[in-house]
Amino acid sequence: MSNTERQRLFRERHPGYYQRLHAKRRAATKAAMPALLAKIEMEVAAKLQAWREAIVPTVRTTHLLPAADEHRSISQFLTVRPREVEMATLGGRPADQSDGA
């Protein structure tokens, strides 16, 4: 008896076996997905925070200094807003604009 024939006979004797087997695997994968996504999101957030901490000192000293004639407090310029960091790191252009290439 060949292997192909043996498999065919098994499938005839056990209808739905592979469907149930694959359903169990899909269910296990679906159950593990939220935890995996949460772990990935935490890792990305940590990397983003580290990146921001690395880039912010440069941005604060070069791009956010107030003009002498402005009547704003210096504390307004010590807080970096994400859009300003993004603009500074992209050379002053918004992230949603392409280079046209």
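Two salt bridges are counted in the structure, a salt bridge being a side-chain nitrogen of Lys or Arg within 4 Å of a carboxyl oxygen of Asp or Glu. The model is a predicted one, in which local features need pLDDT of at least 70 and side-chain atom pairs count only at pLDDT 80 or more, while totals for chains, interfaces and linings use all residues. Residues are numbered from 1 along each chain as its sequence is written, and side-chain values use heavy atoms, with hydrogens and water left out.

Glu5 and Arg8 form a salt bridge with an N to O distance of 4.0 Å. These residues lie three apart in helix H1 (residues 3-13), so about one helical turn separates them. Arg8 also meets Glu12 in a salt bridge, at 2.9 Å from N to O. Because Arg8 and Glu12 are four residues apart in helix H1, their separation is likewise about one helical turn. Through shared partners, the salt bridges join Glu5, Arg8 and Glu12 into one network. Glu5 is partly exposed at 33% relative accessible area, and Arg8 is partly exposed at 41%; buried means under 20% relative accessible area, exposed over 50%, and partly exposed in between (1.4 Å probe, protein chains only).

The protein chain contains four helices and zero strands, giving the pattern α-α-α-α along the sequence. Helices (H or I, at least four residues) and strands (E, at least two) are DSSP runs numbered from the N terminus. Of the 101 residues in the protein chain, 7% count as buried.

Relative accessibility is 23% for Phe10, which is partly exposed.

Met33, Leu36, Leu37, Ile40 and Val44 make a nonpolar surface patch of about 420 Å². Patches consist of residues with over 30% relative accessible area and no salt bridge, like charges being joined within 9 Å and nonpolar side chains (Val, Leu, Ile, Met, Phe, Trp, Tyr) within 5 Å. Leu36 belongs to helix H2 (residues 17-63) and is partly exposed at 43%.

Key. Accessible areas come from the Shrake-Rupley method with a 1.4 Å probe; for residues, only the protein chains shown count as cover.
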